[in-house]
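These are my notes on one protein. I went from the overall build to single residues and wrote down what I looked up.

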Amino acid sequence: MTEKQDPSAGLYAISVAAELVGMGQQNLRLYERKGLLDPARTPGGTRKYSDLDVATLRRIEQLLGEGLNLAGIRMVLVLEAANGRLRDELDAAE
């Protein structure tokens with residue numbers, strides 16, 4: 001039997017996450033500074049990106065391709081997260 005892995009668990013170093021999404025490491029650091037994602041940290045302070053972080057980076061890349069700036073992307077990500085929480089609440093109420 002295989003255990004389902006927590007998609008929010010930090011798995012990837014910044015170099016691996018950057019390679020997975022085809023971005024530079026500096027972009028990932030910038031997106032973190034702008035509040036677009038918040039990777040986990042080891043006790044020593046090393047960033048550890050999760051599968052959810054990688055999915056967020058892919059969404060950022062998609063939105064950049066559609067012409068949004070980082071402030072617009074931040075709003076889209078906030079609204080998408082709120083929408084997901086509301087859907088979860090509706091599903092739980094049924």
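Entry 1: I began with Arg59, which is partly exposed because its relative accessible area is 24%, and buried would need a value under 20%. I keep in mind that the model is a predicted one. The side chain of Arg59 meets that of Glu80 in a salt bridge, with 2.5 Å from N to O. Arg59 sits in helix 3 (residues 51-65) and Glu80 in helix 4, so this pair ties together parts that are 21 residues apart in sequence. I looked up Glu80 too, and it is partly exposed at 35% relative accessible area.

Entry 2: the overall build. I listed the secondary structure and got 4 helices and 2 strands. Read from the N terminus, the order is α-α-β-β-α-α. The C-alpha atoms fill a box of roughly 45 × 45 × 25 Å along the principal axes. The protein has 94 residues, and buried ones make up 22% of them. I then took the contacts between residues at least 6 apart in sequence, and 51% of these join residues at least 24 apart.

Entry 3: surface and charges. The protein exposes about 6,500 Å², and I noted that carbon and sulfur atoms supply 52% of that area. I also looked up the charges: there are 12 positive and 14 negative ones, and their mean positions are 9 Å apart.

Entry 4: Glu32 and its partners. How many salt bridges does a search of the whole structure find? The search gives 3. Glu32 forms one with Arg41, where the closest N and O atoms are 2.9 Å apart. Glu32 also forms one with Arg47, and here the closest N and O atoms are 2.5 Å apart. Arg47 belongs to strand 2 (residues 47-48) and Glu32 to helix 2 (residues 25-33), so the pair ties together parts that are 15 residues apart in sequence. I wrote down that Glu32, Arg41 and Arg47 are linked in a network of salt bridges.

Entry 5: the cover on that network. Is Glu32 buried or exposed? Glu32 counts as buried because its relative accessible area is 16%, and the cut-off for buried is under 20%. Arg41, in contrast, is partly exposed, with a relative accessible area of 43%. I also asked which residues Glu32 touches, not counting those up to four places away in sequence. The list is Leu37, Asp38, Pro39, Arg41, Arg47 and Tyr49.

Entry 6: Leu63. I found Leu63 in helix 3. Leu63 is buried, with a relative accessibility of 3%. What does Leu63 touch, leaving out residues up to four places away in sequence? I noted Leu68, Ile73 and Val76. One of these, Ile73, is 10 residues from Leu63 in sequence, and the two are 6.5 Å apart in space, C-alpha to C-alpha.

Entry 7: Ser15. This residue has its place in helix 1 (residues 14-21). Ser15 counts as partly exposed, at 38% relative accessibility. I looked up its separation from Gln25, which is 10 residues away along the chain. The C-alpha atoms of Ser15 and Gln25 are separated by 6.4 Å.

Entry 8: Which residues form a negative surface patch? I wrote down Asp88, Glu89, Asp91 and Glu94. I picked out Asp91 and found its place in helix 4 (residues 70-93). Asp91 counts as exposed because its relative accessible area is 51%, and exposed means over 50%. Helix 4 also holds Glu80, the partner of Arg59 from my opening entry.

Notes:
Residues numbered from 1 in each chain as written. Predicted model: local features only at pLDDT ≥ 70, side-chain atom pairs only at ≥ 80, totals over all residues. Heavy atoms only, no water. Patch = residues over 30% accessible without salt bridge, like charges linked within 9 Å, V, L, I, M, F, W, Y side chains within 5 Å. Areas by Shrake-Rupley, 256 points an atom, 1.4 Å probe, with all protein chains shown as cover. Salt bridge = Lys/Arg side-chain N within 4 Å of Asp/Glu carboxyl O. Lys, Arg positive; Asp, Glu negative; His and termini not counted. Charge placed at Lys NZ, Arg CZ, Asp CG, Glu CD. Buried < 20%, exposed > 50% of the residue type's maximum accessible area, 1.4 Å probe, protein only. Contact = heavy atoms within 4.5 Å.
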